[in-house]
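Here's a quick tour of a protein model, written for someone just starting out. Take a look at the sequence and structure, then read on.

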Amino acid sequence: MPKFVTLDSYRLQQILINLAGNAIKFTTKGHVAIKFSLDKTSDHILHIEVVDTGIGISKDKHASVFEAFSQAETSTVRAFGGTGLGLVISKTLVELMGGEISLESVEGCGSTFKFYVPFIDGCDESSCSVQSQQDYGHVVTYEKRLQDVTILLVEDNPINRLVARESLEAEGATILTAENGEQAVKAVKESGAVIDVVLMDVQMPIMDGYTATKEIRALKGFSGIPIIAMTANALMSDKKAAAQAGMDDHISKPFDIAQLVRIISAFTVPNISSKDVLYVDSDNKAETKLSDFNHEAALLRLGDNRDILCAAAESFIADSETAMGSIPTVVTDDNVSDVMRAIHSLKGASLTVGAERTAGKLAELEIDLKLHKYEHYSVKVKEMSELLVDACSAIQIFLFGKPKSVEQARVVPKKESVTRLQIIELCDMLAQSNMKVLDIYSELKRKDQGSYLSVLSEIDMDVQNLNFRNAQARLERFLRSEC
């Protein structure tokens, strides 16, 4: 007898994005179709099929497609990309919703992924409210300590960028972002007069944080702008390197939000006192500790802000497959620099969301590669991939079991404005035909679009129809017209 639950439209969307994204990736001609139907015997069981006319899957692989990274060794993956994490996550989500997923496929003739989910109608507001207050209620009381402070956040990892931005905006700060040192220098040149402090990641592509700091210090009028280094370690050598580059302070990642606020306040808020303390009253002491997802430690670092942790955790799952696709099973001196960069980035994101065992294994890999020790690399990558799936599954359980309370749902936060950098990021994702563009586009539509309202409306139909090339061309024309 299936367990009937309220149908979660967001989880259903994630499953469909994963399955449809896979189908599109492996279908070079023909079509991809998504079919919905209610069970013939019950109006409370939804059946969904994702059908494609792509390359298909050989029968001997059917049993393993839902296993972690089972595709990673095949020539198919080298041709089409992907590691199979999306299918593992989809299976986990379907089972969390009380359903089952299966595959029918003939090599060369396409594939059909079928799943069903049982559901009930949503509960009424009063009963939901009581349940939410009983199970998930917690009170956070504090004053915004960075009101009217403008911060330039320089961070290449999207999850770390999201966590830092959301955490600091919750404290009242205005956040400008850059993804590498080159963008940071440009941002200071263009917006330096309004920037109160720079949070500078150290390891970034294109231009690292140390070089960017030196270039900013050389700019006329900005030699004294406070620059705080963010590194993955708290080693004395890191602090010394930051000081030598001209940085004013240092914080290690994943950062504790209270500590970060104190450091920023030392440069921006006069006469900060001990009364600016975060007080938390929570009834959620009895939550089960999940395998390789230390959400309690992550929440503590984030000032018990569950919304920020959930947002970071969702992004972590969405980005994990892309990250694993950048970490091959074999490494040589020719590709070691790129692999180390991917490992370092995934390590930082894992630490941020509380996937501590995954981060630990990534740290081992990073040390091995720095020493050019490759003999155990493949084994450790396999171990790490298994830990990553374990973490992602645990995170999904956490997210699935933590609905927002009615009170939270009624709060209408001030809309964040769409930035030019976000439009450029959207354009890049469209160029890659990356299915995550749907999530990015939906997020931008929820924001204050300002001067980008017209062009985002113009590409709406193209994005919805997955005509990414046309949408990219329209965005590129708009960006050129702005210059």
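Let's start with the lining of the largest cavity: its residues split into 7 nonpolar, 2 polar and 4 charged. Keep in mind that this is a predicted model.

**Empty space inside**
- Rolling a probe the size of a water molecule over the atoms shows where empty space is left.
- The count here comes to 2 cavities of 30 Å³ or more.
- The largest cavity holds about 100 Å³ of space, and 13 residues line it, with Asn-160, Val-163, Pro-254, Phe-255 and Thr-352 the closest to its centre.
- Which helix gives the most to that lining? That's helix 5 (residues 158-170), which puts in 4 residues.

**A look at helix 13**
- Helix 13 covers residues 356-370, so to speak a run of 15 residues, and reaches 21 Å from its first C-alpha to its last, close to the 21 Å expected at 1.5 Å a residue.
- Its buried residues include Leu-362, Leu-365 and Leu-369, but also Lys-361, Glu-366 and Asp-368.
- After helix 13 comes His-372, which has a positive phi, near 60°.

- The structure has 1 aromatic pair, made by Tyr-452 and Phe-478 in an edge-to-face arrangement, with 5.8 Å centre to centre and 65° between the planes.
- Tyr-452 sits in the loop between helix 17 (437-445) and helix 18 (453-458), while Phe-478 belongs to helix 20 (residues 468-482), so the pair ties together parts that are 26 residues apart in sequence.
- Are these two buried or exposed? Both Tyr-452 and Phe-478 are buried.

Methods: Residues numbered from 1 in each chain as written. Predicted model: local features only at pLDDT ≥ 70, side-chain atom pairs only at ≥ 80, totals over all residues. Heavy atoms only, no water. Helix = DSSP H or I, 4+ residues; strand = E, 2+ residues; numbered from the N terminus. Expected span 1.5 Å × (residues − 1). Buried < 20%, exposed > 50% of the residue type's maximum accessible area, 1.4 Å probe, protein only. 1 Å grid on protein atoms, 1.4 Å probe; cavity = no way out; pocket = protein on both sides within 12 Å on 5 of 7 lines; lining within 4 Å. Points joined across faces, edges and corners; volume = space filled by probe spheres on them. Nonpolar A, V, L, I, M, F, W, Y, C, P; charged D, E, K, R; others polar. Phe/Tyr/Trp six-rings, centres within 6.5 Å; stacked < 30°, edge-to-face > 60°.
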